[in-house]
Amino acid sequence: MSQPAVPGHLTSAEPDLSPRQRSVFGALVRLHGRTARPVGSEALARDATLPLSAASLRAALADLEDAGLLERAHAVSGRVPSASGYEYYVRAIVEPEPLPAPLREELDLRLQGSARDVEHLLAEASRLISSFTHQLGLAHAAALEIEMNEHLVLVHLDLERLDDARALMVLRLGASAVRTLVLELESPLAPGELAEVCEVLRERLIGHTLADVRDCMARDPELVRGSASRCVVRAALDQWSAAAPTTLFSAGVSHIAEQPEFMDAGRLGSLLRILEGVAPLDRLMAETVEGQAAVRVAPEAIESLEACSLVSYALAGSMWGAVGVLGPRRMDYARVLSVVDAVGTRVAELLHG
């Protein structure tokens, strides 16, 4: 699997472009981003930022094609950036643009208002990303996968009230992993009761592996002696046995449906089926540089996304999850990277601050 591209992180395999070639390449990427059409030397000649002759432009375009950064959509058409070209563009040329203060204030206000419920927070994150980028906004967090994590040691435990019938159990594990369980309670518990149960659970469970934690919940008489602790323990065991799947929140399907690349009903249908299936899109989002927005161009793990780029932010120091954007390769990377980074950073802070 190819590694995601991160702004400013060049690799030894990057082509060594001259300043002129970089200017021509950057101008072509921006022009193709606006028009969604192949770009020829005539169109570039009208770009005021490129005071070059037609012959110089043709030579530069040929060099960029030889370097693998450009490709021809058709034999006689102009050129478009290749997948490798977009990866180079992200690493070497893109400079994420700072979000204006009003957008940062709106972002913080909307996320803060959903911070008490993980699902609401992630759903709001996907809506925010979509509205700020006019692309498809995504967010997900994995359910506790006990079979994959039985060897991890529980280092801290929290219980938080979500509403009258639900509580959130946050399990902090070794290797900086965090897993959450939304508990469906048989009867409502007062905040004081939840605090008492939390202290009992910490005393009995912290320091044990998850396999031992589950066994202790099922067998330790101290954990079911009181009605409140019995209620919480039963709800936690029910969630473990249910093996709830990962939830992928998405917003802004209308934005991507308006893009020329997805006017074809078959291509759009394939994309929507990927969203319905969740996997492997959820893993691609989370398998990036933790705590920093990164780009996968034409993710090779999903054939139907060859016309797309996935920009995602793996939640730093958090549960296994991520926020991101899915859109055409020619998206505005400077803006999308800034939005995804800002939303991802704030979501992680709210989940664990």
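**View 1. The largest nonpolar core of this predicted model holds 65 residues.** This is a predicted model, where local features need pLDDT of at least 70 and side-chain atom pairs count only at pLDDT 80 or more, while totals for chains, interfaces and linings use all residues. Residues are numbered from 1 along each chain as its sequence is written, and side-chain values use heavy atoms, with hydrogens and water left out. A nonpolar core here is a set of buried Ala, Val, Leu, Ile, Met, Phe, Trp, Tyr and Cys residues joined through side-chain atoms within 4.5 Å. Buried means under 20% relative accessible area, exposed means over 50%, and partly exposed is in between (1.4 Å probe, protein chains only). Look for Leu44, Leu111, Val311, Tyr333, Val340 and Val347, the residues with the most contacts inside the core. Helix α14 (residues 333-352) gives the core its largest share, 12 residues. Apart from this core lies another one, of 29 residues, with Val197, Cys198, Ala228 and Cys231 among them.

**View 2. Zoom in on Val340 and its contacts.** Contact means heavy atoms within 4.5 Å. Skipping neighbours within four places in sequence, Val340 touches Ile129, Ala293, Val311, Ser312, Tyr313, Val323, Gly324 and Val325.

**View 3. Helix α5 (residues 101-112) crosses α14 at roughly 35 degrees.** Their axes come within 11 Å. Axes are lines fitted to C-alpha atoms, for helices over the stretch in contact, and angles run from 0 to 180 degrees between N-to-C directions. Helices (H or I, at least four residues) and strands (E, at least two) are DSSP runs, numbered from the N terminus. The crossing of α5 past α14 is right-handed, meaning that the near helix is turned clockwise from the far one by less than a right angle. On the α5 side you'll find Leu103, Arg104, Leu107, Asp108, Leu111 and Gln112, and they meet Arg335, Ala342, Val343, Arg346, Val347 and Leu350 of α14. Sorted by class, that's 7 nonpolar, 1 polar and 4 charged residues. For this count, Ala, Val, Leu, Ile, Met, Phe, Trp, Tyr, Cys and Pro are nonpolar, Asp, Glu, Lys and Arg are charged, and the others, Gly among them, are polar.

**View 4. Helix α1 (residues 19-35) meets helix α3 (residues 54-66) at roughly 85 degrees.** The axes of α1 and α3 come within 10 Å. The two helices are therefore roughly perpendicular to each other, a label for angles of 65 to 115 degrees. From α1, the contact uses Arg20, Gln21, Val24, Phe25 and Leu28, and from α3 it uses Ser56, Leu57, Ala60, Leu61, Asp63 and Leu64. The class count for α1 with α3 is 7 nonpolar, 2 polar and 2 charged residues.

**View 5. Ser126 sits in helix α6 (residues 118-133).** With 1% relative accessibility, Ser126 counts as buried. Beyond its neighbours within four places in sequence, Ser126 is in contact with Gly137, Leu138, Ala139, Phe249, Ser250 and Ala251.

View 6. His255 has 19% relative accessibility and counts as buried. His134 belongs to the loop between α6 and β3 (136-141). Check the backbone at His134, too: phi is near 60 degrees, a positive value in a residue other than glycine. Most residues other than glycine have a negative phi.

**View 7. The loop between β8 (294-297) and β9 (308-314) carries Ser304.** Ser304 is partly exposed, at 30% relative accessible area. Not counting residues up to four places away in sequence, Ser304 touches Ser270 and Ile274. Between Ser304 and Ser187 there are 46 Å in space, C-alpha to C-alpha, and the two are 117 residues apart in sequence. Ala298 lies in the loop between β8 and β9 as well, and it is buried, with a relative accessible area of 18%. Ala298 isn't a glycine, yet its phi is positive, about 45 degrees.

**View 8. Asp264 is placed in the loop between α11 and α12 (265-277).** At 48% relative accessibility, Asp264 counts as partly exposed. Asp264 and Val232 are 32 residues apart in sequence, and their C-alpha atoms are 50 Å apart in space.

Conventions:
Angles under 35 degrees count as roughly parallel, over 145 as roughly antiparallel, 65 to 115 as roughly perpendicular and the rest as oblique.
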